[in-house]
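Please consider the sequence and the structure shown below.

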Amino acid sequence: MQELSEPTIRSSFVNCSKGEAKRLNLPNLNEVAWGNQVFLSWLDPKSPLKGCLVVEQDGVVQGVLLQKSKAQSKAAQMCQFCLTLHPGSGISLYTAARPGESGRRGNTIGTYLCANLACTDYVLGKKKPVGIRQMDETLSVEDRLLRTKNNALGFIERLKNES
Ligand SMILES: [Zn+2]
């Protein structure tokens, strides 16, 4: 993905207030390997149950604030973005508030994602879940990166459009 500036990232969030977006703790943007990333995703270092996802598509940057569930999954689950299969310890249920009034009333949608939000690293093979066999896939890494991005974009669309 292309490099994003801090103001671009902070103003991209579709489901939290400007004040909340301002207070988020960002990763060190100078250390991000932008060229490799399908999207920017991180856990707030100061509130580790707060996750962020920022996706750029055709020049439009959209960010989503995610809340990580404290409960650990007992069963193995597949990340709904990168389709990596994790044992219960490596996957988390994340929920996102819907944009605007609906979200303020407590309306959320949830999805299982890599607990550390490091989808790119799993697709690139830089990280591997321990003790679990992955699906055999014939797709190239490029196609899997694209699929991961499209799944994230689909999640954002669903967040914005379903009532
Ligand atoms: Zn993932």
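Which residues are the protein donors of the zinc ion? In this predicted model, the SG atoms of Cys79, Cys82, Cys114 and Cys119 take that part, at 2.2 to 2.3 Å from the zinc ion. The site is tetrahedral, the angles among the four donor atoms being 99 to 118°. For comparison, the ideal angle for four tetrahedral donors is 109.5 degrees.

Along the sequence, the donor residues follow the spacing C-x2-C-x31-C-x4-C. Cys79 belongs to the loop between strand 4 (77-78) and strand 5 (85-86), whereas Cys119 is in helix 4 (residues 119-123), so this pair ties together parts that are 40 residues apart in sequence. Cys79 is buried, because its relative accessibility is 0%. Cys119 also counts as buried, with a relative accessibility of 2%.

Helix 4 is also part of what covers the buried residues of helix 5, together with strand 2 (50-57), strand 3 (60-68), strand 6 (91-97) and strand 7 (108-114). The buried residues of helix 5 are Arg144, Leu145, Arg147, Thr148, Lys149, Ala152, Leu153, Phe155, Ile156 and Leu159. Helix 5 (residues 141-161) has 21 residues, which at 1.5 Å a residue should span 30 Å; the end C-alpha atoms are 30 Å apart, in agreement with that expectation.

Arg98 is placed in the loop between strand 6 and helix 3 (100-104), and its side chain reaches the backbone oxygen of Leu159 at 2.9 Å. Arg98 itself is buried, because its relative accessible area is 6%, under the 20% cut-off.

Definitions and conventions
Residues numbered from 1 in each chain as written. Predicted model: local features only at pLDDT ≥ 70, side-chain atom pairs only at ≥ 80, totals over all residues. Heavy atoms only, no water. Donors = N, O, S within 2.8 Å, 3.2 Å for Na, K, Ca; no water. Tetrahedral: all angles 85-135°; square planar, octahedral: opposite > 155°, others 65-115°. Helix = DSSP H or I, 4+ residues; strand = E, 2+ residues; numbered from the N terminus. Buried < 20%, exposed > 50% of the residue type's maximum accessible area, 1.4 Å probe, protein only. Expected span 1.5 Å × (residues − 1). Contact = heavy atoms within 4.5 Å. Polar contact = N/O pair within 3.5 Å; in protein donor to acceptor, adjacent residues only side chain to side chain.
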